[in-house]
Amino acid sequence: MGRRKQVFTPRQDQGQNISMYVCGVTVYDWAHIGHARVYISFDVLHRYLKHLGYNVQYVRNFTDIDDKIIARAKQSDEDPLSLSRRFIVEFHKDMEALGCLPPTLEPKATDHVPDMVATIEQIIANDHGYAVGGDVFFDVASLPGYGRLSGRAQEDNRAGERVALDSRKRNPSDFALWKSAKPGEPTWDSPWGPGRPGWHIECSAMIRRLMGAVIDIHGGGFDLIFPHHENEIAQSQACACDHDKQQMTNDGIDFVRFWLHNGFVNVDSEKMSKSLGNFFTIRDVTVQYHPLVLRWFLLNTQYRQAINYSQPALDEAAERLYYIYQTLLDTSQALKAAASEGERAQQEAADNFQESKGEVGAVLQQVHQGMCDDLNTPLALAALSAPLKAMNDLLSTKKGKKAKGRLHTLAQYQLALQETFRLLGMQVTDPHEQLDQMRQLALSRANMTEEDVAAAIDRRAEARQAKDYSKADAVRAELSKKGLAIMDTAEGVEWRPTTPEL
């Protein structure tokens, strides 16, 4: 609410317990890369708070009844609740693929309609809501301070995208708390007649029911600041009893201690939009790139900043991530080949990690400085650049292979990278398998097979043997344009994914 960075500490009476609520998806369609940005950002926050020793109650809801769900269900001749259940399953698959930990709770709006009705009744009793012909609206003018999150003046406020202007409202910016029944729509009983809840009320009611009168962190996309989060603040203030107000912040009017909002995802420098034809689902991306490539790409921009999605940028992320995983694999093999010396180097690295000293301690100190600075993941990742270069020098150059303390340094940096990746949800589970998956996806993007690449490498070798170096270079360039780089190594010719040359 202060629109500035502030030091986070738990509430005095909560010990190490932290509550965090993040607005979830409206489940009527496939999750898109904007959703990936939101939930990866808050997954990293979730992971890091746990790393710092906090007990995190992380709640992320599902809006499973809404105008958009009803409209899509009519188009597909499907029951709205069946449609939403189907997309909840698909959403979970996407989150698992992206490496997101499951929240503590994932409440569905339809499971908490009685709580919403009770919240609306309290808002009316406190003279902040009014019923009109089976609908209930929030009286924005009745609540001083409305607009303090978004910074909007009362006269600037509008109804919002999800609701049409209604002449029955006292004020055009009043918003729906309850919507009266319409033919063919799911309905629930209420004191105002059958109907269903408005969009904004669900989060206020579920937070109150599951988490209490005040929470530590509330997150979501920048687009939710107004009207959704502004209206959440108003609803929670308007239904608060005296006991609630004693717990709430800002002289008993705010139910959230810290608001966090992530920036937009633009596509080729334009706002992502179905109407512009630049709309990408998570599945659209992960059918071409490893899910962790998308995660890596998103983490290279600080969560509050807008990010520009483009295929070249994703290709660069794919190349970089392959390089890192290959480096970790090569390091593991080098340490294993060194037998007992390699084991001693790894044990020393583990001891240094526990004591936060040595090379591993120095790298992780930089990583934590970035993470503690408003979750500055680009700064944290930048701490890995020098270690990665040093590791590759030690692995591949003559000087590096003979360097004093080579195994010691490799083991230190290996552990630093592994720990950083663990913090960021970029786990190295099976490097062989993960690298192979990235290679297969690179082949698919290039519309080639392993056999095609092997044949091209043979053609290049024949040209080199015939001293036709221009032809050999042409083969290399042809593959490079398709995102496949030929590497001449001591073990022979290899290939790896790269950024396609234009």
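Start with the crossing of α13 and α17, which is right-handed in this predicted model. To bring the pair up, select residues 358-372 for α13 and residues 406-423 for α17. Their axes come within 8 Å and cross at roughly 30°. Angles under 35 degrees count as roughly parallel, so α13 is roughly parallel to α17.

Next, show side chains where the two helices touch. On α13, pick Gly358, Glu359, Val360, Val363, Leu364, Val367 and His368. On α17, the partners include His408, Gln412, Tyr413, Leu415, Ala416, Glu419 and Leu423. Colour this contact by class and you will find eight nonpolar, six polar and two charged residues.

Stay on α13 and click Gly361, which belongs to this helix. Is Gly361 buried or exposed? Its relative accessible area is 12%, and the cut-off for buried is under 20%, so Gly361 is buried.

Then move to the largest nonpolar core, a set of 90 residues. Select Leu294, Phe297, Leu321 and Met426, the residues with the most contacts inside this core. Helix α11, residues 311-337, gives the most to the core, with twelve residues.

Zoom in on Leu294. Setting aside neighbours within four places in sequence, Leu294 is in contact with Ile33, Ala36, Leu98, Val285 and Leu314.

For a last stop, select Met116, Leu177, Phe226 and Ala238, which are among the 21 residues of a second, separate core.

Methods. Residues numbered from 1 in each chain as written. Predicted model: local features only at pLDDT ≥ 70, side-chain atom pairs only at ≥ 80, totals over all residues. Heavy atoms only, no water. Helix = DSSP H or I, 4+ residues; strand = E, 2+ residues; numbered from the N terminus. Buried < 20%, exposed > 50% of the residue type's maximum accessible area, 1.4 Å probe, protein only. Core = buried A, V, L, I, M, F, W, Y, C linked by side-chain atoms within 4.5 Å. Contact = heavy atoms within 4.5 Å. Axes fitted to C-alpha atoms, helices over the stretch in contact; angles between N-to-C directions. Parallel < 35°, antiparallel > 145°, perpendicular 65-115°, else oblique. Left-handed = near helix turned anticlockwise from the far one by under 90°. Nonpolar A, V, L, I, M, F, W, Y, C, P; charged D, E, K, R; others polar.
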